[in-house]
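Have a look at the structure first, then read on.

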Amino acid sequence: MSAVHAVADLVLTNGRIYTVDPARSSAEALAVRNGRIIAVGSEADVRPHIGPETQVVDLGGRLAMPGIVDIHTHMMMGGQAELFELRFGNTLRREAILDQVRAAAETTPEGKWIIGAQWGSDLLALFNSEESLALLDAASLGRPVMLRDDTYHNRWVNTAALRLAGITADTPDPDQGSFGRDPSSGRLTGIMIEAAAGLIERTIVASGHYTEDMDRAAVAHSIATLNQHGVTAFLDAAAMQPVLAALKGLDDRGLLTAWASGAMPVTEPSFLFGVAGEELFALRDTFRSRHVRPDFTKIFLDGVPGARTAAFHEPYTPDAVFGCCFRGTTLATVPELVRWIGRCEELGLSVKIHCAGDAAVTMALDALDVVRSFNGSTRLTHHIAHASYIRDADIPRFRELGMGADLSPFIWFPTAFLEGHKQTMGVERATRFWPNRDLLDAGALMAGGSDWPVIPNPNPWTGIEGLVTRQNPHGDFPGESLWPEQALDIATVLEIFTINSARMMGLGDVVGSLEIGKSADIIVLDQDVLTCPAGPIGKTRVLQTWFEGRLVHGAEGLA
């Protein structure tokens with residue numbers, strides 16, 4: 001406890017406080033002053049800090065713990081999806097999706113876009129046909145339509161959207177992308193793969209569909225949503241200028257109720273627009289504030305397995321387009337990656353590298369190995385985003401090279417997403433997905449991220465349950481487990497989502513555990529996730545979220 005009995009602004013008492021501090025893992029009470037923790041321990045330890053003006057909250061025996069740190073999210077896209085777009089689950093089949101489009105078209109003014117998500121990756125082959133495009137055209141009632149898939153890398157659009165984007169049968173495939181064509185006729189189907197999706201997104205932006213007011217509302221909504229689920233720190237994994245500006249604006253007005261970091265893309269992604277790379281890096285300090293730290297960059301090294309755009313060591317299953325020996329491709333070479341990592345280290349920026357296939361993971365580790373041979377050790381922590389398909393030989397290299405494993409999104413269990421992988425990779429390879437136990441045993445630093453809105457709901461508790469059970473927490477695919485040998489215990493998973501993510505975000509000395517001197521970012525739960533059966537973990541509700549000792553979600557009293 002604190003040596004000086006300073007009077008606290010806030011005291012939480014009569015609780016089961018899980019501190020995630022190895023020196024004192026549990027406590028009964030804690031005290032907060034000026035947003036920082038000044039005492040943690042027994043009731044007797046904390047009582048001297050209570051003064052006449054101290055707010056005292058009786059936890060009633062409930063579990064309190066550090067706020068969740070989401071290491072991979074997309075704040076503007078998440079808010080826009082919830083506020084302004086058509087949302088449906090990736091288990092919906094074609095007719096149900098068309099019904100939703102038709103209903104939206106009936107209330108959408110003529111000429112306005114219908115934007116929605118997210119269809120399952122396992123529907124890609126079905127949608128890639130003239131028949132499906134005709135059905136989408138009929139359902140849309142002439143309105144332009146763009147529907148994102150469950151990876152957010154690919155799109156399905158109707159003929160009106162193709163026309164507005166100026167895409168015809170004679171339009172060549174863009175670099176690092178392709179237009180879907182019916183395997184029988186060769187005609188366009190409205191499927192947009194990787195960079196092709198960006199042509200549609202650019203058309204929507206150019207139409208004036210999005211406004212600055214929408215951007216601000218989207219980010220504010222996202223912050224509130226994360227707070228509701230107990231998240232008090234996050235890293236935006238593709239932070240373009242509008243995202244950073246919105247976060248800085250919220251913080252300047254005292255409305256940012258989470259610690260925020262941004263990973264600035266080294267090149268312009270297909271789904272976001274604006275300055276990137278050196279031009280964006282040069283602006284980063286204009287967005288820096290008390291709670292906003294634009295200290296990361298983002299490199300997209302490959303695509304996604306369901307569209308055969310992720311890079312693998314072994315070939316995909318044969319198909320009519322790619323043949324029998326296609327392994328996918330990377331979006332950069334090892335020398336290019338070495339130059340980018342070296343440049344980012346020179347600027348004091350950590351790098352997050354999107355790697356969906358095991359060959360991309362190998363390339364990222366190889367590039368970092370080269371950089372280490374030149375630069376030596378660094379205080380920066382670079383991340384491999386997703387860390388999902390990894391060769392056995394590469395797993396120990398994470399610790400050896402100090403590369404963090406960003407475990408996102410929340411699909412460590414059977415999903416429609418995984419069914420799409422089975423189609424392109426075969427069942428055996430597809431289900432060797434997320435070797436989390438192997439990474440833990442190898443001593444890798446692992447952190448937890450949602451990849452919202454790729455995952456429709458950023459609720460961390462479903463992801464936490466999935467890491468423990470390797471079964472679908474939503475009731476889909478009952479009885480099935482995904483590589484159950486890779487399951488983790490709940491205490492380890494809570495560390496992944498708190499102190500480990502804080503360290504990977506460069507905030508380990510500020511958040512991630514409840515220790516004296518750290519930010520008073522505390523959540524109060526409706527059940528003890530450390531002792532409850534694994535199955536109900538995903539049903540956990542956050543009753544209160546405190547950020548720097550301020551209540552930002554929930555009621556003052558705990559009935």
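This is a predicted model: local features need pLDDT of at least 70, side-chain atom pairs count only at pLDDT 80 or more; totals for chains, interfaces and linings use all residues.

Start where Asp-215, Val-219, Ala-220 and Ile-223 in H8 meet Pro-242, Ala-246, Leu-247 and Leu-250 in H9; contact here means heavy atoms within 4.5 Å.

Residues are numbered from 1 along each chain as its sequence is written, and side-chain values use heavy atoms, leaving out hydrogens and water.

Back to the helices. H8 spans residues 212-228 and H9 residues 241-252, and their axes come within 10 Å, crossing at roughly 65°. H8 and H9 are therefore roughly perpendicular (65 to 115 degrees, with under 35 roughly parallel, over 145 roughly antiparallel and the rest oblique). H8 passes H9 in a right-handed crossing.

Further along, H17 (residues 460-469) and H18 (residues 490-504) have axes that come within 9 Å and cross at roughly 135°. That makes H17 oblique to H18. The crossing of H17 past H18 is right-handed. On the H17 side, Pro-460, Trp-461, Ile-464, Leu-467 and Val-468 meet Ile-490, Val-493, Leu-494 and Phe-497 in H18. This contact of H17 with H18 has nine nonpolar, no polar and no charged residues.

| Cis peptide bond | Omega |
|---|---|
| Ser-408 and Pro-409 | about -5° |
| Trp-452 and Pro-453 | about 5° |

Pro-409 sits in the loop between strand S20 (404-407) and helix H14 (416-425). Pro-453 is in the loop between strand S21 (446-448) and H17.

Which way does phi go at Val-20? Positive, at about 55°, although Val-20 is not a glycine. Val-20 belongs to the loop between strand S2 (16-18) and strand S3 (26-27), and at 9% relative accessibility it counts as buried (under 20% relative accessible area, with exposed over 50% and partly exposed in between, using a 1.4 Å probe and protein chains only).

His-386 also isn't a glycine, yet has a positive phi of about 95°. His-386 lies in the loop between strand S19 (383-385) and helix H13 (395-401), and is buried, with a relative accessible area of 8%.

Conventions:
Axes are lines fitted to C-alpha atoms, for helices over the stretch in contact, and angles run from 0 to 180 degrees between N-to-C directions. Helices (H or I, at least four residues) and strands (E, at least two) are DSSP runs, numbered from the N terminus. A crossing is left-handed if the near helix is turned anticlockwise from the far one by less than a right angle, and right-handed if clockwise. Ala, Val, Leu, Ile, Met, Phe, Trp, Tyr, Cys and Pro count as nonpolar, Asp, Glu, Lys and Arg as charged, and the others, Gly among them, as polar.
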